Amino acid sequence: MKLKNLIVLFGLAVAICSCDIGKDYSKTIFTSFYSVYDFASRIVGDKFEVINLTPLGLEPHDFEPSARKMTNICNSAGLLINGLGMETRTDNLPKEAKNKVFEVTQNIKVLKINNIIDQHVWLNPDNAIIEMNNIKEYLIRI
């Protein structure tokens, strides 16, 4: 009986872990963390699937995507990031994924405090509007 339960559990684990193998990510936009995900989701509607890379409870500064997620990014329509040094993990992306990265903070005047850039620019409503316009323009291009 125990062996039978173990086999069933193993089969479920394989099914859960492999559920995205072979999935077409060409109509998928990945985002680096929740704020960018929220903006992108509101803009894309049903044109793209939007997937947030940072799991709940983790900081976008520290999260490192798995090899599978990096492969999925390479096969996606794009990766939207905040920029301004927030996502240090983008330095380690393969070339194919780096070519799909778009910083949503373009054309935003940043606040510097003690010569340190405040990366949390989306908290200013004017900057949030600029970010959403940047996302919209990026999606039009792709």
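A nonpolar core is a set of buried Ala, Val, Leu, Ile, Met, Phe, Trp, Tyr and Cys residues joined through side-chain atoms within 4.5 Å. In this predicted model, the largest such core has 18 residues. The members that touch the most others are Ile-29, Phe-48, Leu-80, Val-104, Ile-135 and Leu-139. Apart from it lies another core, of 10 residues, which includes Tyr-25, Leu-53, Leu-93 and Ala-97.

Which residues does Val-104 contact, leaving aside its neighbours within four places in sequence? The partners are Val-36, Leu-80, Ile-81 and Asn-82, together with Glu-131, Asn-134 and Ile-135.

Helix 2 comes next. Its buried residues are Ser-35, Val-36, Asp-38, Phe-39, Ala-40 and Val-44. Strand 1, strand 2, strand 3 and helix 5 are included in what covers them. Just after helix 2, Gly-45 takes a positive phi of about 60°.

How many salt bridges does a search of the whole structure find? The search finds three. In one of them, the side chains of Glu-49 and Lys-23 meet with an N to O distance of 3.0 Å. Glu-49 lies in strand 2 (residues 49-52) and Lys-23 in the loop between helix 1 (2-17) and strand 1, so this pair ties together parts that are 26 residues apart in sequence. Glu-49 is partly exposed, with a relative accessible area of 34%, and Lys-23 is also partly exposed, at 36%.

Another salt bridge joins Asp-38 to Arg-42, with the closest N and O atoms 3.0 Å apart. Because Asp-38 and Arg-42 are four residues apart in helix 2, about one helical turn separates them. Lys-136 counts as partly exposed at 36% relative accessibility, and so does Glu-137 at 40%.

Finally, the backbone deserves a look. Most residues other than glycine have a negative phi. Against that background, which phi value does Leu-84 take? The angle is near 60°, a positive value in a residue other than glycine. Leu-84 lies in the loop between strand 3 and helix 4. Since buried means under 20% relative accessible area and exposed over 50%, Leu-84 counts as partly exposed at 24%. Asn-114 has a positive phi as well, near 55°, and is likewise a residue other than glycine. The loop between strand 5 (112-113) and strand 6 (116-117) holds Asn-114. With 72% relative accessibility, Asn-114 counts as exposed.

How values were computed:
Residues numbered from 1 in each chain as written. Predicted model: local features only at pLDDT ≥ 70, side-chain atom pairs only at ≥ 80, totals over all residues. Heavy atoms only, no water. Buried < 20%, exposed > 50% of the residue type's maximum accessible area, 1.4 Å probe, protein only. Contact = heavy atoms within 4.5 Å. Helix = DSSP H or I, 4+ residues; strand = E, 2+ residues; numbered from the N terminus. Salt bridge = Lys/Arg side-chain N within 4 Å of Asp/Glu carboxyl O.
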